[in-house]
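Q: Could you take me on a close look at one part of this model, beginning with a hairpin and going on to whatever surrounds it?

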Amino acid sequence: MIPWEKIDTAKIPGSDEELRLMRRGKEFSIKLGSNELMNSRLSGSEAALATLAAKQIENVAKPVVLIGGLGMGFTLRAALAVLGSKAKIVVSELVPAVVTWARGPMAEVFGDSLDDARVSIQETDVGEIIRAKRSAFDAILLDVDNGPEGLTRKGNDALYNASGLTAAKTALRPRGVLAVWSSGPNAAFTKRLGRAGFDVNEINVRATGRGGGARHLIWIARKG
């Protein structure tokens, strides 16, 4: 078997933790400690984050979408595939090295997605963008951690607490959608979404996008 090779490391802003980009042949992995955060072979649930949210706003002529977390670009590429030519997609990525990896060692994985005219990349905390906007987005897609239970950065908790959800609701346009990816269920977060005034739907998806693999969860929360 081909051994894993460490390509690069990157500090997570606001944390003492370090991401590691690993490669084995054409397969890539981003790890934090002993945890694998993402793998280039497992894109199904991250892609579903985009396709499920896009379905909710399919009648919007010129949708504006905010994606929190670039990762390996699964959500971005899925969004580009299903949103029309008049869409605008803002991708917020906190770790600058992740953007560098996308244009460098993982360029083949990303293809031409970062050069699409509909896409703009902002190297900043997605929470800052959300808190600065009012009625700006038709959809906000969050895949910045392991889900509402922060793993990579304690500051991410501010996205999922009551004030964070209120800020997200404010940043959404009427009938806008907040879509959140998680590695597993979280009943407390579901209740918190409801208390924030969202209409909530929980959807189980497979990590592979097919019949097998781990089960992940996506919340589709619609603003009234």
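**The hairpin and beyond**

A: Happy to. In this predicted model, strand 1 and strand 2 make a hairpin, with 6 residues lying between them. G14 sits in the turn and has a positive phi of about 80°. Strand 1 covers residues 5-11 and strand 2 residues 18-24; the two run antiparallel and are joined by 6 bridges.

Now let's turn to W101. Leaving aside neighbours within four places in sequence, W101 is in contact with D8, T9, A10, L19, L21, I30, M106 and A107. W101 and L19 are also among the residues with the most contacts inside the largest nonpolar core, together with L70, L76 and L141. That core has 45 residues, and a second, separate core of 26 residues includes I130, A168, A171 and L172.

L141 brings us to the sheet, where it is the bridge partner, in strand 8, of I67. Strand 5 (residues 64-68) and strand 8 (residues 137-142) run parallel, with 4 bridges joining them. They belong to an open sheet of 7 strands with mixed pairing, in the order 7-6-5-8-9-11-10. Strand 7 (119-122) and strand 10 (198-206) are the edge strands, each pairing on one side only. From one strand to the next, the twist averages 15°. Helix 2 (residues 74-82) packs on this sheet and touches strand 5, strand 6 (88-92), strand 7 and strand 8; the direction of helix 2 makes about 175° with that of strand 6.

How values were computed. Residues are numbered from 1 along each chain as its sequence is written. This is a predicted model: local features need pLDDT of at least 70, side-chain atom pairs count only at pLDDT 80 or more; totals for chains, interfaces and linings use all residues. Side-chain values use heavy atoms; hydrogens and water are left out. Two strands pair if DSSP finds at least two bridges between them. Axes are lines fitted to C-alpha atoms, for helices over the stretch in contact, and angles run from 0 to 180 degrees between N-to-C directions. Contact means heavy atoms within 4.5 Å. A nonpolar core is a set of buried Ala, Val, Leu, Ile, Met, Phe, Trp, Tyr and Cys residues joined through side-chain atoms within 4.5 Å. Buried means under 20% relative accessible area, exposed over 50%, partly exposed in between (1.4 Å probe, protein chains only).
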